[in-house]
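Visitor: I would like to learn how to read a fold from its strands and helices. Where should I start?

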Amino acid sequence: SKQWYQRRVRGGSVTSQIMFIVSDGRGLFVKGVEAVRKAVKETWDAGILVVFLIIDNPSKDSILNVRTPVFDPVTGKLLRIQNYLETFPFPYYVVLRDPAELPLTLADALRQWIEMIAA
């Protein structure tokens, strides 16, 4: 959001590029959670704002219903089951339930990004 952006500007970094990732959002952690988080941070540090567009299928296995286990790193014991999107590594994402909305969603995200960098 805008507040997050303002903190980044004061720190000397300005996002000068935008990248859209269009995917079903599954299988992100095949290479490991930390590898994905590191890549997201490096992309931001390089001045690139990443917007992840999740194409969802609400009638079959919606991403909103995916649950993941959380284990204690020391004991390996199951601590809880949480919503997959609670740990989604991309701070800017949109869940598209209708792929026909993709052009409008891209245009709206681009408009917001232009407003953000022009502020």
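Visitor: Which residue in β2 does V22 stand opposite?

Guide: Strands (E, at least two residues) and helices (H or I, at least four) are DSSP runs, numbered from the N terminus. Two strands pair if DSSP finds at least two bridges between them. Here V22 stands opposite L53 in β2. This is a predicted model: local features need pLDDT of at least 70, side-chain atom pairs count only at pLDDT 80 or more, and totals for chains, interfaces and linings use all residues. Residues are numbered from 1 along each chain as its sequence is written, and side-chain values use heavy atoms, with hydrogens and water left out.

Visitor: How many bridges join β1 and β2?

Guide: Seven, in the parallel sense, with β2 covering residues 48-55. The open sheet has three strands in the order β1-β2-β5, with parallel pairing. At its edges are β1 (17-23) and β5 (93-96), each pairing on one side only.

Visitor: Which strands does helix α3 touch?

Guide: Contact means heavy atoms within 4.5 Å. Axes are lines fitted to C-alpha atoms, for helices over the stretch in contact, and angles run from 0 to 180 degrees between N-to-C directions. Helix α3 (residues 102-118) packs on the sheet and touches β1, β2 and β5; its direction makes about 155 degrees with that of β1.

Visitor: What pattern does the protein chain follow along the sequence?

Guide: The pattern is α-β-α-β-β-β-β-α, from three helices and five strands.
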